[in-house]
Amino acid sequence: MRVRVRYFAMLREHLGPGGERTVRDGTTAAELWKAVVVAAAPAVRAVRVRFAVNEEYVPASHRLADGDELAVFPPVSGG
């Protein structure tokens with residue numbers, strides 16, 4: 001199945017804006033993230049991230065479906 005992935009803030013600096021990924025049925029948000037980090041960006045391995053699927057926050061265990069958009073956010077702070 002195909003999933004669109006988008007990265008934000010410092011993740012975008014290391015990984016680029018994202019793009020289409022082909023994953024197997026039943027893949028979770030965390031599994032896809034792990035595959036991206038191991039393959040492309042060891043510099044962000046220790047970053048704790050949050051996931052949103054189709055513009056709604058989801059847990060890391062959320063199973064992706066064909067056509068989903070997975071957004072990955074690093075921690076943010078502000079004042």
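Visitor: Which residues does Leu11 touch, not counting residues up to four places away in sequence?
Guide: This is a predicted model. In it, Leu11 touches Gly16, Trp33, Val44, Val47, Val49, Val72, Phe73 and Pro74. Contact means heavy atoms within 4.5 Å, so each of these residues has a heavy atom within that distance of one in Leu11.

Visitor: What makes a set of residues the largest nonpolar core here?
Guide: The members must be buried, of the nonpolar kinds, and joined through side-chain atoms within 4.5 Å. The largest such set has 21 residues, and among those with the most contacts inside it are Leu11, Trp33 and Val72. Two or more residues each come from S1, helix H1 (10-15), helix H2 (29-40), strand S3 (50-53) and strand S5 (69-73). H2 gives the largest share, five residues.

Visitor: Why are S1 and S5 called paired?
Guide: Pairing needs at least two bridges. Four bridges join S1 to S5, so the two strands pair. They run parallel, and Val5 has Leu70 in S5 as its bridge partner.

Visitor: How do you know that S3 and S5 pair?
Guide: The count is four bridges, in the antiparallel sense. At least two are required, so the strands qualify.

Visitor: Where does Met1 lie?
Guide: Met1 is in the segment before strand S1 (2-7). Beyond its sequence neighbours up to four places away, Met1 touches residues including Arg21, Val23, Leu64 and Asp66.

Note on methods
Residues are numbered from 1 along each chain as its sequence is written. This is a predicted model: local features need pLDDT of at least 70, side-chain atom pairs count only at pLDDT 80 or more; totals for chains, interfaces and linings use all residues. Side-chain values use heavy atoms; hydrogens and water are left out. Buried means under 20% relative accessible area, exposed over 50%, partly exposed in between (1.4 Å probe, protein chains only).
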